[in-house]
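Dear colleague,

I am passing on the structure below, and my notes on it follow directly after. Please read them with the structure open beside you.

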Amino acid sequence: MSTVKLTVNGKAVSAEVEDRTLLVHLLREQLNLTGTHVGCDTSQCGSCVVHIDGKAVKSCTVLAGQAAGSNVTTIEGISKGDELHPMQAAFRDNHGLQCGYCTPGMIMSAIDIVNRHHSQGSGGKLDEATVRHELEGNICRCTGYHNIVKSVLDAAGRMKVAQAAE
Amino acid sequence: MGVEGIGASVVRKEDRRFITGKGRYVDDIKLVGMTYAHFIRSPHAHAKVKSIDASAAKKMPGVVDVLTGKQIVDDKVGNLICGWAITSKDGSPMKMGAWPAMAPETVRFVGQAVAVVIAETKNQARDAAEAVVVNYEELPAAADIRAAIKPGAPQLHPEAPGNVIYDWTIGEEAATDAAFKAAANVVSLDITNNRLVPNAMEPRAAIGEYNEAEEHFTLYTTSQNPHVARLVLSAFYNIAQEHKLRVVAPDVGGGFGSKIFIYPEEMVALWASKKVRRPVKWTGDRSEAFLTDAHGRDHLTKAELAFDKDNKITGLRVKTYANLGAYMSLFSSSVPTYLYATLLSGQYNIPNIFAEVISVYTNTTPVDAYRGAGRPEASFVVERLMETAARQLKVDPAELRRKNFITQFPHQTPVIMAYDIGDFGASLDSAMKAIDYAGFPARKAKAKSEGKLRGLGVSCYIEACGIAPSKAVGSLGAGVGLWESAEVRVNPVGTIEILTGSHSHGQGHETTFCQLVAERLGVPISQVQIVHGDTDKVQFGMGTYGSRSAAVGLTAILKAMEKVEAKAKKIAAHQLEASENDIVIENGEFKVTGTDKSIALPMVALAAYTAHNLPDGMEPGLKEGAFYDPTNFTFPAGAYICELEVDSATGKTSFVNFVAADDFGRLINPMIVEGQVHGGLAQGIGQALLEGAVYDSSGQLVTASFMDYTMPRADDLPSFKLSHTTTLCPGNPLGVKGCGEAGAIGASAAVINAITDAIGNNKLEMPATPDRVWHAIHG
């Protein structure tokens with residue numbers, strides 16, 4: 001057992017974990033942040049994607065200990081109070097989810113995709129093909145991706161507006 | 001239509017909790033004193049269990065107990081059952097081999113559980129499972145249909161000699177043979193319908209909780225039909241009495257059929273919770289899902305179509321071998337029979353049909369209903385035959401279909417189904433227009449000049465949805481009725497709860513069902529709440545599968561609504577001192593026609609519960625229930641056309657366009673309907689291009705993870721162009737048909753027809769991987 005200190009959704013956290021504990025299990029089982037899901041054993045499905053220091057990471061491939069000292073953001077930490085993150089709102093408005101199981105991981109990946117492309121300036125324009133390619137690490141079985149892709153493109157615009165306003 | 005009523009694309013009420021991570025799936029639930037189960041599963045496809053030594057495991061840290069198959073049998077827990085009786089052509093009943101929840105003597109597929117470790121933590125259970133020593137004596141295995149039906153094949157169950165479960169027929173053999181004898185042309189095809197793994201993103205999970213003081217059990221489970229689970233667990237499995245068992249299916253992360261059935265893990269979690277006197281939780285991982293969730297499809301078929309000299313179809317003859325795996329899962333027997341062969345008429349006027357279906361046991365995971373259940377297999381047979389026929393007869397594929405479409409309704413097929421309504425020509429027209437069918441030859445020629453192989457494939461599907469009616473399915477061997485129940489409760493303050501026996505696991509019931517109430521009463525959907533998925537709250541239900549939630553479940557709600565409205569009108573009339581016949585409901589108010597007198601719904605509700613001033617003799621309260629049993633199946637139908645290009649150097653397929661024109665009757669929420677179609681198309685295209693469960697000859701599942709089984713990802717699929725034509729279903733008052741399975745039923749044939757058109761070789765099996773396509777091109 002070791003003590004791991006990290007920041008999760010802006011709060012300092014200290015947890016006793018077995019050395020083999022994966023970050024996803026720390027989040028779900030010890031911190032009760034059950035929005036991050038486990039959908040496979042092989043880091044293929046992306047249901048467990050969270051942000052570590054602002055970058056999308058599959059939390060089932062990271063040991064809790066490896067996340068020590070980092071800033072972890074989960075699906076529970078992206079809205080401002082009752083105000084949804086633009087990506088969350090876009091998923092709702094475009095029917096980008098059905099059963100909702102892959103959705104948290106999908107949203108966390110999608111935010112990272114948009115952030116990376118926005119940070120590339122005008123050359124970072126997102127199109128459908130790019131979104132489809134970059135969502136490759138996340139599997140959805142319900143939506144056929146059609147509305148997820150729409151959601152991400154819609155959110156890219158909303159996030160740009162939000163960033164410009166800040 | 002109000003802004004939130006029927007026909008409005010209202011955004012979903014349930015989404016807020018899913019997009020904020022507040023959904024509550026089974027694995028999210030923690031109970032006081034909860035223990036964790038880890039199953040010990042057979043690594044062999046067929047073996048005798050000689051001994052199980054758990055002595056070392058029992059001493060390991062945190063281990064509460066290790067329970068075996070022998071113990072569950074000794075405790076008289078029943079064997080798993082198949083609930084649909086099929087009779088062979090010789091009159092004998094189907095041959096059901098015994099399926100204990102954990103195998104005490106013989107294992108028949110890789111992944112079958114033989115024991116379970118219960119421990120304080122998941123990791124402790126997993127660690128201890130490593131220390132359980134199971135001594136197996138391996139037996140020869142039959143890993144596919146061909147191996148299982150060979151003379152001298154390994155025998156799975158003593159009850160089923162030759163591994164044949166049933167040999168069943170439908171239709172008129174002699175008349176069909178005569179049609180073939182008289183035919184001007186005969187088209188035949190050998191078809192493999194590849195085995196699929198449903199792969200809902202949420203792996204199955206179960207928590208059993210035994211309350212010793214009350215002798216009461218609770219099961220939290222990933223189920224599409226909690227009431228049926230309770231019924232079967234109590235009536236057949238002897239786990240608990242029905243009134244002593246509560247089944248809760250909270251948020252469920254996709255089902256696609258795989259979560260209809262009762263599984264051993266649910267039985268064991270309940271049984272074990274009584275053994276260890278603590279809650280027992282099991283959460284499957286993806287490998288367990290691959291090995292133990294019921295698989296889908298897996299047919300070998302020989303199909304022939306007879307035509308007269310005018311290219312009118314005169315007969316269809318089909319012989320299908322269906323693999324049901326090692327045991328008969330809950331609905332398995334009905335899938336290749338009454339859900340498959342009864343749809344073999346497709347959209348066509350076929351005077352003579354004869355089908356023989358032989359279901360067999362193999363040493364593989366049990367096979368049962370998966371999205372579409374039998375209908376995708378039927379549609380694939382018919383639509384591959386039609387495309388093949390068009391090429392052989394050298395006529396346009398769309399025109400050959402149109403020439404043979406059923407145009408008069410109702411239409412009785414030779415294989416039971418009576419289609420109530422449809423307009424197949426309208427769907428085909430719509431799809432052809434959307435894809436610019438007429439312009440295709442020019443596009444194909446242009447692609448060819450650029451060195452690319454372009455193809456176009458048509459698929460005109462029909463399905464039978466909204467299953468029941470109960471009387472009909474009962475006469476065909478179903479063990480249950482397939483009605484639905486509902487209750488509408490208007491609370492004293494005017495908010496409304498709808499209790500439904502349908503179960504939502506992604507379909508958006510929490511929104512669409514409220515839209516019905518919003519439409520009828522003119523209240524916002526925020527004032528209405530759905531209650532579902534809990535047998536302690538909802539009186540009864542048959543669950544969600546077979547696209548039955550709207551046609552059957554929502555109609556039950558409508559029936560309850562009508563009762564509520566009738567009573568509310570009486571109360572309003574009494575309060576307003578008007579005649580009941582003069583009361584109309586508008587915008588949440590009960591108005592006296594032709595006057596300005598009205599009373600708002602909350603006041604009517606309050607009056608019903610205060611009961612200070614009700615009509616003489618009226619029972620207080622404002623809640624009503626209804627059971628609804630439909631009079632027929634519903635028949636959604638449509639036309640899908642796919643245009644694609646094949647890279648002859650790599651065999652890789654790329655979509656140019658995919659159009660879908662569906663007739664689902666009335667659309668409650670078009671946005672949700674289209675989302676359902678998108679998902680179905682992805683699964684149908686997945687079957688055509690990517691997915692396939694592969695066993696080696698020893699019965700090992702080679703594709704048992706997402707690294708080996710190719711799931712469709714965003715980059716594999718196109719965006720879809722959808723359109724809707726509408727014939728209102730006459731069989732239910734809402735005119736709805738069902739949309740959940742359409743995409744999966746119609747898409748596969750469109751894709752394979754398009755690829756075979758592109759490459760000029762009709763011999764191509766699913767999944768049409770680049771490797772297979774390359775070989776089909778280059779020989």
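A polar atom of the Arg401(B) side chain lies 3.0 Å from the backbone oxygen of Val458(B), where a polar contact is a pair of N or O atoms within 3.5 Å, one able to donate a hydrogen and the other to accept it, with residues adjacent in sequence counting only if both atoms are side-chain atoms. This is a predicted model, in which local features need pLDDT of at least 70 and side-chain atom pairs count only at pLDDT 80 or more, while totals for chains, interfaces and linings use all residues. Side-chain values use heavy atoms, without hydrogens and water, residues are numbered from 1 along each chain as its sequence is written, and chains are lettered from A and ligands numbered from 1 in the order in which they are written.

Arg401(B) belongs to helix H11 of chain B, residues 397-404 (a DSSP run of H or I, at least four residues, numbered from the N terminus). Arg401(B) is buried, with a relative accessible area of 0% (buried means under 20%, with a 1.4 Å probe and protein chains only). Leaving aside residues up to four places away in sequence, Arg401(B) touches, among others, Tyr348(B), Glu383(B), Glu387(B) and Asn753(B), contact meaning heavy atoms within 4.5 Å.

As for cysteines, the structure holds zero disulfides over all chains, a disulfide being a pair of cysteine sulfur atoms within 2.5 Å. Cys60(A) is in none, and the nearest cysteine sulfur, that of Cys48(A), is 3.6 Å away. Cys60(A) is buried at a relative accessible area of 17%, and Cys82(B) is buried at 8%.

With regards

Key:
Helices (H or I, at least four residues) and strands (E, at least two) are DSSP runs, numbered from the N terminus. Buried means under 20% relative accessible area, exposed over 50%, partly exposed in between (1.4 Å probe, protein chains only).
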